[in-house]
Amino acid sequence: MAAHAHNPVRLLRALLATIEKDIIPLTAQGVSSGSKVFGAAILSRATLQPLAVATNDERLSPLLHGEINCIQRFFTTLDDASRPSTKDCIFLATHEPCSLCLSGITWAGFDNFHYLFTYEDSRDLFTIPYDIQILEEVFRVPAEGESGEQLARRDLYNRRNAFFASVCLKDLLDDIRDDVQREGWAAEVDRVKRLYVVLSDTYQRNKQMGTRTASFWR
Ligand SMILES: [Zn+2]
């Protein structure tokens, strides 16, 4: 199943709009009080409208990552009648989900997630290297006889598996056939990514000032 197989433009438009109009304003509030820049939304697959939106709230608890907070909101603020099956939803994370959130998404039954920034972006653009470090240290078990180089080349998780398919927004660009349209949307993805520069600066500045947080890994 490819969530984006039929109309990558329609999906990309909805995901970028959700990030810009729904997630970023919440993120601005979060970083101004010391939380990280990570956010998430759950959209109806049928309407592509966001049903739940949340951002990182690790001032309160180190487990309240944007994705976990969003799943929690999806199940606690929508009643049974207005909450579709997780199989009928599109999961959106601003940043490629960490090991905690990969598990949360899986346990909640979502069969997909889409993300704007990769782990490498989180490490290199946001100075937050823990996603990669935790996956490498906790989950990457060397096979017998495997060299360090072979181990380092292996993916950090199984991007298409029996539970979910993981899709980077730049993968959606590859599905747009028309060259002009694809370039236009690539520029749009870059524009939305740049909106995070100021959010990241605010987070880093607050971190330097020692803003109170429950998170151990800052
Ligand atoms: Zn996470």
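The sections below treat the zinc site, the salt bridges and the nonpolar cores in turn.

**Zinc site**

The model is a predicted one. Its zinc ion has three protein donors, His65 through ND1, Cys98 through SG and Cys101 through SG, which lie 2.1 to 2.3 Å from the ion. The spacing of these donor residues along the sequence is H-x32-C-x2-C. Cys98 and Cys101 are both buried.

**Salt bridges**

The structure contains 14 salt bridges.

| Salt bridge | Closest N and O atoms |
|---|---|
| Arg83 and Asp80 | 2.8 Å |
| Glu96 and Arg159 | 2.8 Å |
| Arg140 and Glu136 | 3.4 Å |

Glu96 forms its salt bridge with Arg159. Glu96 is in the loop between strand S3 (89-95) and helix H3 (99-108), while Arg159 is in the loop between helix H6 (148-153) and strand S5 (165-168), so this pair ties together parts that are 63 residues apart in sequence. Glu96 has a relative accessibility of 2% and therefore counts as buried, whereas Arg159, with a relative accessible area of 24%, is partly exposed.

In the pair of Arg83 and Asp80, Asp80 counts as exposed because its relative accessibility is 62%. In the pair of Arg140 and Glu136, Arg140 is buried at a relative accessible area of 15%, and Glu136 is partly exposed at 33%.

**Nonpolar cores**

The largest nonpolar core comprises 34 residues, and the residues with the most contacts inside it are Leu12, Leu15, Leu16, Ile19, Leu116, Leu169 and Tyr196. At least two residues of this core come from each of helix H1 (8-32), strand S1 (39-44), S3, strand S4 (112-117), helix H7 (169-174), helix H8 (179-194) and helix H9 (196-208). H1 supplies the largest share, 10 residues.

Beyond its neighbours within four places in sequence, Leu116 is in contact with Leu16, Ile19, Ala93, Thr94, Asp121, Cys168, Leu169, Val189, Val192, Lys193 and Tyr196.

Definitions and conventions. Residues numbered from 1 in each chain as written. Predicted model: local features only at pLDDT ≥ 70, side-chain atom pairs only at ≥ 80, totals over all residues. Heavy atoms only, no water. Salt bridge = Lys/Arg side-chain N within 4 Å of Asp/Glu carboxyl O. Buried < 20%, exposed > 50% of the residue type's maximum accessible area, 1.4 Å probe, protein only. Helix = DSSP H or I, 4+ residues; strand = E, 2+ residues; numbered from the N terminus. Donors = N, O, S within 2.8 Å, 3.2 Å for Na, K, Ca; no water. Core = buried A, V, L, I, M, F, W, Y, C linked by side-chain atoms within 4.5 Å. Contact = heavy atoms within 4.5 Å.
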